[in-house]
Amino acid sequence: MWLTDLFQKNEGIAHAVIVIGLVALVGLALGSIKIRGVSLGIPGVLFAGLFFRHIGLEVDAKILFFVRDFGLILFVYAVGVQVGPGFLASLRRRGLPLSMMAAAICLLGALLTMLLVWVAKVDVAAAVGLFAGGTTNAPALASASEALKEGGRSQAVSSFAVAYPFGLFGVILGMIFLRKMFRIDPQKEADLLEQLEAQAASKLDTMNIELQNANLNNLQLSEFPSIDDLGVVVSRVFRTDTGLEIARPETRIRVGDVLLAVGPAKELNELRLIVGAQSLLDLRELPSQITTRQVLVTHAAALGKTIDELDLARRLGVNVTRVSRAEIELTPTSGLRLQFGDRVRAVGDEKSLDAAAKLLGNSVRQLNLPRLMPIFLGILLGVVLGMWPVFIPGMPAPIKLGLAAGPMIVAIALSRIGRIGPVIWYMPHNASSLLKELGIVLFLVGVGIQAGAGFVHTLSNGDGFYWMALGAGITILPLMIVGFIAMKVMKMNYLHVCGLLAGSMTSPSLAFTATMTPSEAPAVAFATVYPLTMILRVLLAQVMVLVLA
């Protein structure tokens, strides 16, 4: 029967699509099952792949490798796009502690592997395979293979295949174990992070200030000292003879006038000391034609322009008082360049605000429109970066970032830049989330089917279970030691620790965190440590072969 042939014959695109779809479907269903409030989530696809390959369903090797690697590229690229806008701020605040913890996990894993060779007398090839599989790092296996002799390479691949499934599942177990040990509520951890982020971002405030400093009398607003340096914007002016009006750079301020200023609280107080005293009159409550509106920046003509270059106050009688980017409020100082997707709070009358909205774009449709060309261009640049060989003296082969770290670094950089010429790198959140989940599903399908070939046979014959136990130790011991120190001693947030564990093991088990919270905090920590640990593991794999052989 033709339908039976589709399943049984390992040939053709149709057969590959059917098997991949079946594994993904069953795996996602398996991952949705909750036991005591805990579910596998997307990593359930891995175990479905192992099962179906064990019962005989196959996919052509070339197709399978493409699905696996392309899925990984999509996943890490989408993660990079999501965390890119706030990545540098997070790196400045947490980069060093997270990097230190990730490096410790890598080094502990390497030390355990070397002890297996020295104490347990495990063959060097098998040991480095366990190191790469237990840390779910195929580039480390490839790196070690360059330094191994031909006979040792097959042994390294076998031990890698045995250790790999627990390498993925072990990270999830580590997250669950720490969550139970410290009685963590992931949603409360996410709420706490949001509060801390809001405080760190110096949330903008408003203040009504009366001019009492006679030295500033009759100066134009643009001539006021320190306003731009303080990161403060004056949006409205009230004077007793003319009433409330929009503040323009050429507006002359006289003693007794009241200014409505917007900026961080500390800087507003500094401006008050310069100008005069805080007024009891709140200009926002005065009846007038002046109102506020949130406007989206989506028009190509406004992208990359500074507030000064747009000159909305002079041209349209509109003041920009706040710019929201990646959930962070920014003061619209004269040098701030607008990016696609920025949300601008504009102040003016209705007619002026309509003109400003037309100039800036204000198109929700454009905001939600996925742009495919920048995605493929970004992936192309990422793969080129990942495959770029770096020659290090003493190494038997050049070091490469690989198909994971390269696209992630490019995605972080491009999403941070926002736009290069006509190319807009902004990706809607729903599009990046879909790309991320599709990528991880394809990757786990490929890994599960690949590892399922001979998986049970390897376990039940020879050193299979012994290797699995050793690989589990390489996976779980460094995670638990460093995870406990991060939570207990360094008081890190649990969500950051989850991202740290997944990133330090270069593990797509990051997807499991989506079953606990929609917060992007784990992805930020993951992206912070991933490139470093990828390079470290590739280097350590080669170093171990050179030292132990």
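**Cysteines and burial**

Analyst: Cys106 is buried, at a relative accessible area of 0%. The model is a predicted one, and the value for Cys106 is computed from it.

User: At what cut-off does a residue count as buried, and is Cys498 buried or exposed?

Analyst: Buried means under 20% relative accessible area. Cys498 has 1% relative accessibility, so this residue counts as buried.

User: How many disulfides does the structure hold?

Analyst: A disulfide requires two cysteine sulfur atoms within 2.5 Å. The structure holds zero disulfides.

User: Let us turn to aromatic rings. How many aromatic pairs are there, and how is the geometry of a pair read?

Analyst: Planes under 30 degrees apart count as stacked, and those over 60 as edge-to-face. The structure holds six aromatic pairs. In one of them, Phe47 and Phe169, the ring centres are 5.4 Å apart and the planes stand at 85°, so this pair is edge-to-face.

User: Which parts of the chain does the pair of Phe47 and Phe169 tie together?

Analyst: Phe47 belongs to helix H3 (residues 44-54) and Phe169 to helix H7 (residues 150-181); the pair therefore ties together parts that are 122 residues apart in sequence. Phe47 is partly exposed, with a relative accessible area of 27%, and Phe169 is partly exposed at 26%.

User: What is the geometry of the pair formed by Phe66 and Phe70?

Analyst: Phe66 and Phe70 are stacked, with 5.4 Å from centre to centre and 10° between the planes. Both residues lie in helix H4 (residues 61-118), where they are four residues apart, about one turn of the helix. Phe66 has 52% relative accessibility and counts as exposed, whereas Phe70, at 26%, counts as partly exposed.

User: How is strand pairing read, and which strands pair with E11?

Analyst: Two strands pair if at least two bridges are found between them. Strand E8 (residues 291-296) pairs with strand E11 (residues 343-348) in the antiparallel sense, over six bridges. Strand E9 (residues 319-325) also pairs with E11 in the antiparallel sense, over five bridges.

User: Which residues of E11 are the bridge partners of Leu296 and Val320?

Analyst: The partner of Leu296 in E11 is Arg343, and that of Val320 is Ala346.

User: Where is Pro287 placed, and is this residue buried or exposed?

Analyst: Pro287 is in the loop between strand E7 (276-278) and E8. With a relative accessible area of 78%, Pro287 is exposed. The C-alpha atoms of Pro287 and Leu244 are separated by 8.8 Å, and the two residues are 43 residues apart along the chain.

User: Finally, which residues form the nonpolar patch on the surface?

Analyst: A patch takes residues with over 30% relative accessible area and no salt bridge. Here the nonpolar patch is formed by Phe177, Met181, Leu477, Ile481, Phe484, Ile485, Val489 and Met490, which together have about 690 Å² of accessible area. H7 and helix H19 (464-489) are the elements that give two or more residues to the patch, and H19 gives the most, with five residues.

User: Where is Met490 found, and what is its relative accessible area?

Analyst: Met490 is found in the loop between H19 and helix H20 (494-504). Met490 is partly exposed, with a relative accessible area of 34%.

Note on methods. Residues are numbered from 1 along each chain as its sequence is written. This is a predicted model: local features need pLDDT of at least 70, side-chain atom pairs count only at pLDDT 80 or more; totals for chains, interfaces and linings use all residues. Side-chain values use heavy atoms; hydrogens and water are left out. Rings of Phe, Tyr and Trp (its six-membered ring) pair if their centres lie within 6.5 Å; planes under 30 degrees apart count as stacked, over 60 as edge-to-face and the rest as tilted. Buried means under 20% relative accessible area, exposed over 50%, partly exposed in between (1.4 Å probe, protein chains only). Patches are made of residues with over 30% relative accessible area and no salt bridge: like charges are joined within 9 Å, nonpolar side chains (Val, Leu, Ile, Met, Phe, Trp, Tyr) within 5 Å. Accessible areas come from the Shrake-Rupley method with a 1.4 Å probe; for residues, only the protein chains shown count as cover. A salt bridge is a side-chain nitrogen of Lys or Arg within 4 Å of a carboxyl oxygen of Asp or Glu.
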